[in-house]
Amino acid sequence: MNETLPEAPSARPRTAAVKPPGGALARQRRRTLLLCAGFAVALVLLTGLALSTGQVKMPLTDALRALVGLCDPGDVLVVQEFRAPRVLSALIAGAGLAVSGSLLQRLFRNPLASPDVIGVTGGASFGAVAMLAAGASQLLIPLAALGGGVLAAALLGAFAWRSRMAVTRLVLVGLAVQSGLAAAVNLMIVRFPAELANSALQWTTGSLYGRTWTEVGFGGAAIAVAVVAAFLAHRRLSVLDLGDDSAGGLGLDPDRARLGLLLLAIVLASLSAGLSGPVAFVALAVPHLVRFLAGPPTPGTLALTALAGAVLLLGADHIVLHLLPVQGLPVGAATATLGAPWLLFLMIRHGRLPQRSES
C-alpha cells in the first residue's frame with residue numbers, strides 16, 4: 001500500500017499551461033497589467049510603512065529623507081542600518097522564492113511542488129547552519145545555503161534515478177530528503193553552544209533580523225540575476241508545456257532544458273533562503289494565488305508572481321514586528337501559520353487529497 005500525491009496526466013500537460021485564444025489573451029494581459037500595478041502600489045505603501053514604523057516612529061517624509069541621509073543622524077542610523085536592509089531582504093527573498101516555486105510547479109506539473117517540499121530549503125538550512133557552526137563570516141551564508149540546496153537536489157536526483165520514478169512522483173522523494181536534512185539540522189543545533197543554538201534556531205524558522213547591506217548586496221545581486229534568467233527562460237518553459245515530443249520537434253532537448261530550469265529554480269530558492277532563512281509556504285502559495293487571479297502562465301504572470309512574493313513576505317514581516325503581541329517572532333512562523341490552512345484549502349479545492357490504494 002502506498003500513498004500518492006496529485007499528479008497531472010502524463011499524456012498531456014495541464015490545460016492551465018495552454019495559451020488562451022487571442023481575445024482571452026488580450027483580456028488576460030490587461031488583467032495581469034492591472035494586478036501588477038495594484039501589487040506595485042501595495043509594495044510601495046508597505047515599504048514606506050516599514051521604513052517609518054517601529055520603536056522609533058517618524059513621519060514617512062522624515063523616513064524617506066533619512067533613507068538618503070538628509071535627516072537627523074539618529075534617524076539616518078535607524079533607517080539606513082536597521083530598517084532598509086531588512087525591507088530589501090524581504091522584497092528580494094520573497095520575489096526569489098515565489099519565482100522559484102512557479103518554475104518548480106510547472107516543471108513537475110504538480111501543484112504541491114515547491115522548494116519547501118522537495119528538500120531545497122532543507123538543504124539550504126543544512127548548509128547555512130553548518131557554516132554558522134564553523135564560525136564563518138555572515139557573507140558566506142548565502143554561498144553555504146546554495147551549496148546545501150544543490151546537495152539536496154543531488155540527493156533527490158540520485159534517489160529518483162535509481163528508482164526510475166516519474167517526474168510527478170519526485171515530490172515524495174523530496175519530502176523524505178527534506179525530513180532527513182531537517183533532522184540533521186536539529187542534531188547540529190542540539191550540539192551547538194547555547195549562544196550559537198539560539199541564532200541558528202531563529203535562522204532555520206525564517207528570519208530577516210540583523211540583515212546587513214553586505215548580505216543584501218551580495219545575495220540581492222545574485223537573486224536579481226537569477227530572476228532575470230527565469231524571465232529569459234520562459235519561452236523554454238512554454239515549449240516544454242507542449243510535451244516532450246512537441247518540444248523535440250521544435251528543436252529543444254527536453255531533458256537538457258528541464259535540467260537547466262531545475263538548477264535555476266534551485267539556485268533561486270537557495271539564495272533566497274540564504275538571505276531570509278527557509279521561509280515556508282511563500283514558494284508554494286504565491287504561484288497558486290497568481291494563477292487564480294491572472295490565469296495561465298505568461299511572462300506577465302511571472303512578473304506578477306515576483307511582485308506578489310515580495311508583498312507577501314514584507315507584509316508578513318510587518319505583522320510579526322508590529323501587529324502581534326509576541327516579540328521576536330520570526331517571519332517564517334507567520335508565513336507557516338498562513339500557509340498551513342492555504343495548503344489544506346488547495347488540496348480540498350483540487351479534490352485530490354492523498355488516498356491509500358492497493359499496490
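Biologist: What covers the buried residues of helix 9?
Modeller: The cover includes helix 3, helix 10 (234-240), helix 12 (254-276) and helix 14. Keep in mind that this is a predicted model.

Biologist: Which residues of helix 9 are buried?
Modeller: E215, V216, G219, G220, I223, A226, V227 and A230.

Biologist: Switching to pockets. How much space lies in the largest pocket?
Modeller: About 750 Å³.

Biologist: Which residues lie nearest its centre?
Modeller: F82, R86, Y209, L321 and H322, out of 28 lining residues. Helix 3 (73-108) and helix 14 (299-323) each supply at least two residues of that lining.

Biologist: How does the lining of the largest pocket split by class?
Modeller: There are 13 nonpolar, 10 polar and five charged residues.

Biologist: What lines the largest cavity?
Modeller: 15 residues, with S102, R106, P297, T301 and T305 nearest the centre. Helix 3, helix 10, helix 13 and helix 14 each give at least two residues to this lining. By class, the lining of the largest cavity has seven nonpolar, six polar and two charged residues.

Biologist: Where is T298 found?
Modeller: T298 is in the loop between helix 13 (282-294) and helix 14.

Biologist: Buried or exposed, and why?
Modeller: T298 counts as buried because its relative accessible area is 17%, and the cut-off for buried is under 20%.

Biologist: What does T298 touch?
Modeller: Q28 and H234, leaving out residues up to four places away in sequence.

Biologist: Zoom out. How many helices and strands does the chain have?
Modeller: 15 helices and two strands. The chain has 359 residues, and buried ones make up 48% of them.

Biologist: What about contacts and surface?
Modeller: Of the contacts with a separation of 6 or more, 77% join residues 24 or more positions apart. The accessible surface comes to about 17,100 Å², with 67% belonging to carbon and sulfur atoms.

Definitions and conventions: Residues numbered from 1 in each chain as written. Predicted model: local features only at pLDDT ≥ 70, side-chain atom pairs only at ≥ 80, totals over all residues. Heavy atoms only, no water. 1 Å grid on protein atoms, 1.4 Å probe; cavity = no way out; pocket = protein on both sides within 12 Å on 5 of 7 lines; lining within 4 Å. Points joined across faces, edges and corners; volume = space filled by probe spheres on them. Helix = DSSP H or I, 4+ residues; strand = E, 2+ residues; numbered from the N terminus. Nonpolar A, V, L, I, M, F, W, Y, C, P; charged D, E, K, R; others polar. Buried < 20%, exposed > 50% of the residue type's maximum accessible area, 1.4 Å probe, protein only. Contact = heavy atoms within 4.5 Å. Areas by Shrake-Rupley, 256 points an atom, 1.4 Å probe, with all protein chains shown as cover.
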